[in-house]
Amino acid sequence: MGVTVIGTPYSNGLDLKLAELLNAERVEAFFKRFPDGEAYVRLDEGVVRGRVVVVVHTMYPDQDRRFVEALLLAEAAKGAGASRVVVVAPYLAYARQDKRFLPGEPISVKAVLASLAMAGADVLVTVDVHKPEELAWFHGVAINVYPARLYGEVVKKLCKSLSDLIVMAPDKGALWRAKAVASSIGVSYDYLEKVRDRVTGEVSYKPKTVDVEGKDVVLVDDMITTGGTIARAARILYEQGAKNIYALCSHAILLDGALQRIKEAGVREVIGTDTVKAPPGVKVVSVAQPIADVLRRLLELLGVGYGAST
Ligand code: R5P
């Protein structure tokens, strides 16, 4: 039993990197659209049957379509006789709606995860999901990769002196990220108190004094979308005396105008990863190695030998 990595037009290069790091065979899924726009995928049954199939398919941009394609890929792999279907979704769509904030809302991520498992995914591997607890909605093994050590190394390179460095979360929900990154390099961390209006989506901050006077600050978050959260946080931190501010996120979605908004707030550099295709101006680090490390441990636990020739 060996491992086959399946690449798609939306693997963002991670399929190639993972196949190389795992010394596994890699094949490309066939993609087309029916004339009415519906998605169609096909896998080569010969490289799927009896093997652990790792489908690498991120879910941004065009989340709805990417999600449906992930379902089709999982079903195709299971249907073609894969011994285990592992879906690597570096960016998991719909993860931010992880509860019913207002009556009548769906738990969107629950619907997404339940469907993936029902379609045939035995294992889901994702990177820095909005809230790791939400993966409990997946009926199978779900793993959240948070590359704290990699991020720690990135932070070290950004700032000259570790003694004058603090890792900040822009809200309490991201505090665990700041703690993980800061702890990996032995520096301090803190958070700001963000409040989001559940109806308008508007973000504001409660007054809070943090010890950033004369320090380099690295703001860490799961994603940057409009840039509003990071821009507001940066302004508050500069008002409190921060020297240089950097932003580090896993998913650099950065819609039109977001980078400019962040730069105008004085953020020196924005760092993202290859979970999604980051726009120009964002420095990108690859999360291939931390994902490969997790897959390697998973394959060992499954007792699977891997490599193209096994
Ligand atoms: C929210 O809780 C998330 O962790 C991010 O802080 C948020 O999605 C960032 O969005 P934006 O860049 O639009 O402020």
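**Exercise 1. Sort the shell around the ligand by class.**

Solution. Step one: list the shell of this predicted model. His130, Lys194, Arg196, Asp221, Asp222, Met223, Ile224, Thr225, Thr226, Gly227, Gly228 and Thr229 surround the ligand, each with a heavy atom within 4 Å of it.
Step two: apply the classes. Ala, Val, Leu, Ile, Met, Phe, Trp, Tyr, Cys and Pro are nonpolar; Asp, Glu, Lys and Arg are charged; the others, Gly among them, are polar.
Step three: count. The shell has two nonpolar, six polar and four charged residues.

Residues are numbered from 1 along each chain as its sequence is written. Local features need pLDDT of at least 70 and side-chain atom pairs pLDDT 80 or more, while totals for chains, interfaces and linings use all residues; side-chain values use heavy atoms, without hydrogens and water.

**Exercise 2. Find which elements supply the shell around the ligand.**

Solution. Step one: take helices (DSSP H or I, at least four residues) and strands (E, at least two), numbered from the N terminus.
Step three: pick the largest share. β13 gives four residues.

**Exercise 3. Give the distances from ligand oxygen atoms to the side chains of Asp221, Asp222 and Thr226.**

Step two: read the distances. For Asp221 the value is 2.5 Å. For Asp222 it is 2.6 Å. For Thr226 it is 2.6 Å.
Step three: check the cover. Alone, the ligand exposes 380 Å², and the protein buries 86% of that (Shrake-Rupley, 1.4 Å probe).

**Exercise 4. Describe the largest pocket.**

Solution. Step one: define it. On a 1 Å grid over the protein atoms alone, a pocket is an open set of points with protein on both sides within 12 Å along at least five of seven lines; lining residues have an atom within 4 Å of a point.
Step two: give the volume, about 910 Å³.
Step three: name the residues closest to the centre. Of 35 lining residues, these are His130, Asp171, Lys194, Arg196 and Arg198.
Step four: sort the lining. It has eight nonpolar, ten polar and 17 charged residues.

Conventions:
A polar contact is a pair of N or O atoms within 3.5 Å; within protein, one must be able to donate a hydrogen and the other to accept it, and residues adjacent in sequence count only if both atoms are side-chain atoms. On a 1 Å grid over the protein atoms alone, a cavity is a set of points where a 1.4 Å probe fits but cannot get out, and a pocket is an open set with protein on both sides within 12 Å along at least five of seven lines; lining residues have an atom within 4 Å of a point. Grid points are joined across faces, edges and corners, and a volume is the space filled by probe spheres set on the points.
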